[in-house]
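Subject: A structure for you to look at

Hi there,

Here is the structure I promised to pass on. Please open it next to this email and follow along as you read.

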Amino acid sequence: MLFDEPTSALDPELIGEVLAVMKSLATDLHMTMMVVTHEMGFAREVANRMMFFHEGVILEQGTPDEMINNTKYPETTKFFEAVL
């Protein structure tokens, strides 16, 4: 299932509900999902792999731990510093 910023237009109280349903789909039903999101806490908790796009190309990819704690490019570091 593909999601493109599924929480971007939601009221804050609904964001948690949507993320909980998505997490259940991933963990309980083992559904494969591709999610474009700025919800990095959710991505860190649920994702197997993450990709960081910069200017239309994949700049970095890896596990959540690799992506968040061991970035290779300053653009990726700057993004995670801003959203975490």
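Which element gives the largest share of the lining of the largest pocket? Helix H2 does, with five residues. Before I go on, please note that this is a predicted model, in which local features need pLDDT of at least 70 and side-chain atom pairs count only at pLDDT 80 or more, while totals for chains, interfaces and linings use all residues. Residues are numbered from 1 along each chain as its sequence is written, and side-chain values use heavy atoms, with hydrogens and water left out.

**The pocket**

The largest pocket holds about 870 Å³ of space. A pocket here is an open set of points on a 1 Å grid over the protein atoms alone, where a 1.4 Å probe fits and protein lies on both sides within 12 Å along at least five of seven lines; lining residues have an atom within 4 Å of a point. Grid points are joined across faces, edges and corners, and the volume is the space filled by probe spheres set on the points. The lining has 27 residues, and those nearest the centre are Met 34, Val 35, Arg 49, Met 50 and Met 51. Two or more lining residues come from each of H1, E2, H2, E3 and H4. Those labels are DSSP runs numbered from the N terminus: helices (H or I) have at least four residues and strands (E) at least two.

**Helix H1**

H1 runs over residues 12-27, which makes 16 residues. From first C-alpha to last, H1 reaches 23 Å, close to the 22 Å expected at 1.5 Å a residue (the expected span is 1.5 Å times one less than the number of residues). Its buried residues are Ile 15, Leu 19, Met 22, Leu 25 and Ala 26. They cover an arc of only 115° around the axis, which puts them on the same side of H1. The arc is taken from the directions from the helix axis to the C-beta atoms. Buried means under 20% relative accessible area, exposed means over 50%, and partly exposed is in between, with a 1.4 Å probe and protein chains only.

Among the elements covering those buried residues are strand E1 (2-4), strand E2 (34-36) and helix H2 (40-46). On the face turned away from the buried side, Glu 13, Glu 17 and Val 21 are exposed. Ala 20, also in H1, counts as partly exposed at 44% relative accessibility.

Thr 7 is buried, with a relative accessible area of 5%. Apart from its neighbours within four places in sequence, Thr 7 is in contact (heavy atoms within 4.5 Å) with Ile 15, Val 18, Leu 19 and Glu 39.

In H4, Thr 76, Phe 79 and Phe 80 are buried. Seen down the axis, they fall within an arc of 90°, so they line one face of the helix. Pro 74, Lys 78, Glu 81 and Ala 82 are exposed on the other side of H4. The buried residues of H4 pack against H2, E3, E4 and helix H3 (64-69).

How many aromatic pairs does a search of the whole structure find? The search finds two. Rings of Phe, Tyr and Trp (its six-membered ring) pair if their centres lie within 6.5 Å; planes under 30 degrees apart count as stacked, over 60 as edge-to-face and the rest as tilted. The ring centres of Phe 52 and Phe 79 are 5.3 Å apart and the planes are at 45°, so this pair is tilted. It links distant parts of the chain, with Phe 52 in strand E3 (residues 50-54) and Phe 79 in helix H4 (residues 74-83), 27 residues apart. Phe 79 and Phe 80 have ring centres 5.4 Å apart and planes at 70°, so that pair is edge-to-face. Together, ring pairs link Phe 52, Phe 79 and Phe 80 into a cluster. Phe 52 is buried at 10% relative accessible area, and Phe 80 is buried at 6%.

**Two positive phi values**

Most residues other than glycine have a negative phi. His 30, which is not a glycine, has a positive phi of about 55°. His 30 sits in the loop between H1 and E2 and counts as exposed at 65% relative accessibility. Glu 55 has a positive phi near 50°. Its place is the loop between E3 and strand E4 (57-62), and Glu 55 is exposed at 74% relative accessibility.

Happy exploring!
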